[in-house]
Structures are given as C-alpha cells and as structure tokens.
Amino acid sequence: MNKDQLSKLKVCGMTQLDQIHELISLKTDFLGFIFYEKSPRYVLNHLSPEDILKINHPAKTGVFVNEEIDAIIEIAEKAGLNLIQLHGDETKDFVNRLKQSLSPEIKMIKAIRIGNNDPETIEKIKKMINSHVSTADYFLFDTDSKAFGGTGKQFNWMILNEFEIPLPYFLSGGISEQNIENISLLNQKPFTIDINSKFELEPGIKDLEKIRKFISKTF
C-alpha cells in the first residue's frame with residue numbers, strides 16, 4: 001500500500017477519555033462517538049456530552065442511527081460536535097431539515113450500508129448516492145447489519161468500482177492490518193479509513209498498541 005494514497009484516519013466507538021487523548025497525540029484525524037443506545041459502544045454509558053465538549057479536537061464525529069432531529073441537535077450542541085454521521089435510514093429530506101437546524105460549520109456524513117454484491121445492490125447504492133449527493137458532505141460505506149455497524153465484517157470493496165462516487169468518502173467495515181492493502185484496488189480511493197472493532201480489546205476499549213503499529217505502517 002502506497003502511504004501517499006491514504007490521507008486520514010477515523011477511530012470510531014470511543015468511550016475512554018485517556019484513550020481519546022492518546023489518539024489525539026497520535027494525530028488521529030476523526031474521533032467517532034456513537035450515540036446509538038443499542039450499540040455496545042454507546043458513548044453516553046461512559047461519557048457525558050459535557051465531557052466530549054471539553055475534548056480539544058477539530059473533528060469530533062457523532063454517530064446517530066434513525067434518531068430524532070431534536071435529539072441530534074441537542075447532543076451536537078452540548079457535545080460540541082463537528083460532524084454528524086447518519087448511519088441509519090435517514091432520507092434526503094431528513095438530512096436537509098437537520099442541516100438547516102445546525103450550525104453551517106457542522107458537516108454531514110451519510111452512511112451507505114452494503115450487503116450483497118449483486119446488480120440490485122449496485123442500483124440501490126446508486127440511488128442512495130444520487131439522493132444524498134446534494135445534502136451530504138461525505139459518504140461512508142460500511143457493511144450492512146442489523147446492528148448498524150461495528151460488526152468487524154468486511155463487505156466486498158470491489159463493488160465500489162461499479163459507480164462514480166461524487167463526494168469524498170470514508171471506508172468502514174472490518175478494516176484490519178490484513179486487508180488494508182486491498183484499498184489499492186479501488187478506482188476511487190477513500191478520503192478517510194474508519195477503524196473500530198478490529199482494533200479493540202473489548203467494545204469501546206481500543207487496543208492502542210495495535211493502532212500505533214497500524215498508523216506507523218499505514219500512514
């Protein structure tokens with residue numbers, strides 16, 4: 001893997017302040033906080049919005065799944081979020097209304113979950129991209145699951161070569177030291193790679209040594 005091809009790293013599912021500060025010192029580009037109550041990495045079981053507000057980082061990303069607009073706005077303001085990642089089934093109209101209610105500096109990431117590698121799935125992805133291209137700032141491609149991510153499973157990345165991706169995108173879903181080389185096979189390289197469960201000791205507790213080695217080798 002050519003290090004010049006990868007520019008940014010997002011570590012998602014953060015729950016521990018000491019680990020967050022360590023990852024900031026490693027120059028992690030995006031910090032992901034999951035505000036989905038059913039997730040084993042639900043950040044509000046560990047940190048308050050005020051705790052997150054005090055974290056000095058320019059790309060604090062809140063991950064939401066089919067949440068009410070008012071709840072997203074409240075958390076975004078209390079936690080001082082810089083990006084909102086919508087990881088559920090949010091519509092274009094929903095994203096528009098959310099954007100109009102938030103500070104214009106807050107950027108939108110729309111996740112597109114990918115399951116099968118078949119023509120029907122490709123058409124579905126194309127429709128999602130066309131629907132959200134005018135409202136999102138970034139796309140994020142992740143493995144489809146009932147848990148809405150964090151499974152450690154990888155979708156077939158080659159499906160991304162089937163269409164044009166008109167926005168910078170995050171690549172998520174089971175990224176590991178073993179498969180990172182395959183990013184070189186993508187026609188359009190990800191703006192950011194998003195790591196989570198493959199770099200954990202347990203949900204929400206990161207394996208910092210593994211992340212350090214990954215950063216050293218990859219970036």
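Reader: Quick one to start: are Arg41 and Glu200 buried or exposed?

Author: Both Arg41 and Glu200 are buried. Keep in mind that this is a predicted model.

Reader: OK, and what do Arg41 and Glu200 form with each other?

Author: A salt bridge, with the closest N and O atoms 2.8 Å apart. The pair links distant parts of the chain: Arg41 sits in the loop between strand E2 (30-34) and helix H2 (49-53), while Glu200 belongs to strand E9 (residues 200-202), 159 residues apart.

Reader: How many salt bridges does the count come to?

Author: Eleven. One of them joins Arg113 and Asp89, whose closest N and O atoms are 2.9 Å apart. Arg113 lies in strand E5 and Asp89 in the loop between E4 and H4, so this pair ties together parts that are 24 residues apart in sequence.

Reader: Why does Arg113 count as buried?

Author: Because its relative accessible area is 17%, and buried means under 20%.

Reader: And which residues are linked with Glu22 in a network of salt bridges?

Author: Glu209 and Arg212 are linked with Glu22 in that network.

Reader: Switching to the fold. What do strands E1 to E8 make?

Author: A closed barrel of eight strands, running E1-E2-E3-E4-E5-E6-E7-E8 with parallel pairing. From one strand to the next, the twist averages 25°.

Reader: How many bridges join E1 to E8?

Author: Four bridges, between E1 (residues 8-11) and E8 (residues 192-195), and the two strands run parallel. If you want a spot to look at, Lys10 stands opposite Asp194 in E8.

Reader: Where does helix H4 pack?

Author: On the sheet. H4 (residues 92-101) touches strand E4 (83-86) and strand E5 (107-114), and its direction makes about 160° with that of E4.

Reader: Staying with E4, which way do its side chains point?

Author: Leu83 and Gln85 point one way, Ile84 and Leu86 the other way, and all are buried. As background, side chains in a regular strand alternate between the two faces of the sheet.

Reader: How many bridges join E3 to E4?

Author: Four there as well: E3 (residues 60-64) and E4 run parallel. In that pairing, Thr61 stands opposite Leu83 in E4.

Reader: Now the aromatics. How many pairs does a search of the whole structure find?

Author: Eleven aromatic pairs. Among them, Tyr138 and Phe170 are edge-to-face, 5.6 Å centre to centre with 90° between the planes. That pair links distant parts of the chain, with Tyr138 in strand E6 (residues 138-143) and Phe170 in strand E7 (residues 169-171), 32 residues apart. Tyr138 is buried, as is Phe170.

Reader: What sort of pair do Phe141 and Phe163 form?

Author: A tilted one: 6.4 Å centre to centre, with 45° between the planes. Phe141 lies in strand E6 and Phe163 in the loop between E6 and E7, so the pair ties together parts that are 22 residues apart in sequence. Phe141 and Phe163 are both buried.

Reader: Which residues form one aromatic cluster with Tyr138?

Author: Phe30, Phe170 and Phe191 form that cluster with Tyr138.

Reader: And what sits over the ring of Phe199?

Author: The charged end of Lys210, 5.5 Å from the centre of the ring.

Reader: Last topic, backbone angles. Which residue has a phi near 65°?

Author: Lys27, a positive value in a residue other than glycine. For context, most residues other than glycine have a negative phi. Lys27 is found in the loop between helix H1 (17-25) and E2. Lys27 counts as exposed because its relative accessibility is 68%, over the 50% cut-off.

Reader: What about Asn66, where is it found?

Author: In the loop between E3 and helix H3 (69-79). Asn66 has a positive phi of about 50° although it is not a glycine, and Asn66 is partly exposed, with a relative accessible area of 41%.

How values were computed
Residues are numbered from 1 along each chain as its sequence is written. This is a predicted model: local features need pLDDT of at least 70, side-chain atom pairs count only at pLDDT 80 or more; totals for chains, interfaces and linings use all residues. Side-chain values use heavy atoms; hydrogens and water are left out. Two strands pair if DSSP finds at least two bridges between them. Axes are lines fitted to C-alpha atoms, for helices over the stretch in contact, and angles run from 0 to 180 degrees between N-to-C directions. Contact means heavy atoms within 4.5 Å. A salt bridge is a side-chain nitrogen of Lys or Arg within 4 Å of a carboxyl oxygen of Asp or Glu. Buried means under 20% relative accessible area, exposed over 50%, partly exposed in between (1.4 Å probe, protein chains only). Rings of Phe, Tyr and Trp (its six-membered ring) pair if their centres lie within 6.5 Å; planes under 30 degrees apart count as stacked, over 60 as edge-to-face and the rest as tilted. A charge sits over a ring if NZ of Lys or CZ of Arg is within 6 Å of the ring centre and within 35 degrees of the ring normal.
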